[in-house]
Amino acid sequence: MITRRGLIQASALSAIVPVAQAGEAQPPIIRLHLNENPYGPSDRAKDAIRAAINDGWAYDNEDVIVLRRMIAAKEGLKPENVFICEGSTELLRLVAAIFTSGGKELVAGLPTFLAMPQYAARSGGKVRFVNVDAAMRLDLAAMQAKVTDDTGAVYVCNPNNPTGTLVAAAALNAFIVAVEPRALVVVDEAYIDLVDEPEKTTVIEQVRQGKNLLISRTFSKIHGIAGLRVGYGLGRPDVIRALEERRISVPNRLGLKAAIASHQDADFLAFSRMMVSACVAYTEDAFEKMKVKYIPSSGNFVLFDTRQTSVNFAEYMRGRRILVNPVLEPTDTWCRVSMGRMEQMEAFVEAARGFFKS
Ligand SMILES: Cc1ncc(COP(=O)(O)O)c(C=O)c1O
């Protein structure tokens, strides 16, 4: 069962966005609450969008095929292993709708990215949450123990949002082998390009081997095009076909153009990774100096302990026009700050110093 507080967590985001008053001259809001990447879109993505703008009237789109082929070639898969969608949230909700309806259950960690658990719960499915371990890592053994004949899917976010922790590839691969005969395993790799060794962390090899596994990826993070809504799934052709049959919308033309340009732009991706990693190092170091407990992060965000309900911290920051994301479950003292531009992180650290001093 999803809990009441879990549902509150989603709405907490909207509740902390300051409402602009007409005619008020205010410094800009610093958005450190949604794990966006302010370094995007890349110049090549912007050029591609400009060049395509006159085609905005048309529905159908060859670029879905182009992007599918590009991703398949890069990942050592076939185009029929690739599902292109309007952001990976759509993919995760679609999976919940297909695999965890009709009395089937979803097993997920807590805290984690809640799009899939929330959708499953709101569509009448049951969610079996398993708290992270003492080191804030997903507890794969406990999650495996929750899998029964009623389980439709298991959601593993790696690196996990909001903890920033990674589960070791060997442990995750063993988990997939144990669980996939009974239920679809969904591994959310939204932040995979930001980890130190993506090729050793991804579980893509098991998709190549035809396991009952779906990997979720997105262009919203390292590519910095969250607002253009492009994500993709990698899985067995029968799983991909099930998603295609149930999809609701068609991909956005301009988003696809941006994704195709960005996918080929190794320089931009390296730049993006470098900026995120510099901001994470700076923020973690600042927490160290403030003696604030934090979890070393493999994503573009850092989870830290505010030592009181994190909603208070978020309110304090909101008063300084900085948005952060309070995490309310399983305990409510932790808060997540996303990596913005370095000067935004400096503003965050200065404000945080004031909070933790008082
Ligand atoms: C783990 C995880 N998966 C998926 C998403 C959503 O990405 P998209 O913009 O592709 O819907 C996010 C966004 O924060 C996320 O943290």
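Strand β13, which spans residues 334-338, is mostly covered, with five of its five residues buried. A residue counts as buried if 20 or more other C-beta atoms, placed from the backbone, lie within 10 Å of its own; it is exposed if there are 12 or fewer, and partly exposed in between. Helices (H or I, at least four residues) and strands (E, at least two) are DSSP runs, numbered from the N terminus. The model is predicted: local features need pLDDT of at least 70, side-chain atom pairs count only at pLDDT 80 or more, and totals for chains, interfaces and linings use all residues. Residues are numbered from 1 along each chain as its sequence is written.

Within β13, Trp334, Arg336 and Ser338 point one way, while Cys335 and Val337 point the other way, and all are buried. The strand belongs to an open sheet of four strands with antiparallel pairing, in the order β9-β10-β13-β12. The edge strands of this sheet are β9 (294-295) and β12, each of which pairs on one side only. Two strands are taken to pair if DSSP finds at least two bridges between them. Between β10 and β13 there are five bridges in the antiparallel sense, and Val302 has Val337 of β13 as its bridge partner. Strand β12 (residues 325-326) is joined to β13 by two bridges, and these strands also run antiparallel; here Asn325 stands opposite Arg336.

The wider architecture comes next. The protein is divided into domain 1 (4-31 + 267-357) and domain 2 (43-265), with bounds that come from an automatic or database domain assignment. Taken over C-alpha atoms, the centres of domain 1 and domain 2 are separated by 25 Å. The contact between them takes 23 residues from domain 1 and 23 residues from domain 2, where contact requires C-beta atoms, placed from the backbone, within 7 Å of each other. On the side of domain 1 that touches domain 2, the elements that give two or more residues are α1 (4-15), α12 (266-290) and β10 (301-305). Helix α12 provides the largest share of that side, six residues. By class, the residues of this side of domain 1 divide into eleven nonpolar, eight polar and four charged. In this classification Ala, Val, Leu, Ile, Met, Phe, Trp, Tyr, Cys and Pro count as nonpolar, Asp, Glu, Lys and Arg as charged, and the others, Gly among them, as polar.

Strand β6 (residues 184-188) is largely enclosed by the rest of the structure, because five of its five residues are buried. Leu184, Val186 and Asp188 point one way from β6, and Val185 and Val187 the other way. Strand β5 (residues 151-157) runs parallel to β6 and is joined to it by five bridges; the bridge partner of Cys157 in β6 is Asp188.

Pro41 is placed in the loop between β1 (30-31) and α2, and it counts as buried because it has 25 C-beta neighbours inside 10 Å. Leaving aside neighbours within four places in sequence, Pro41 is in contact with Lys46, Gly224, Ile225, Ala258 and Ser262.

Finally, the ligand is surrounded by 13 residues, of which the closest are Gly87, Ser88, Thr89, Thr218 and Ser220. A residue is near a molecule if its C-beta atom, placed from the backbone, lies within 6 Å of it. The shell around the ligand has four nonpolar, eight polar and one charged residues.

Technical notes
Contact = placed C-beta atoms within 7 Å.
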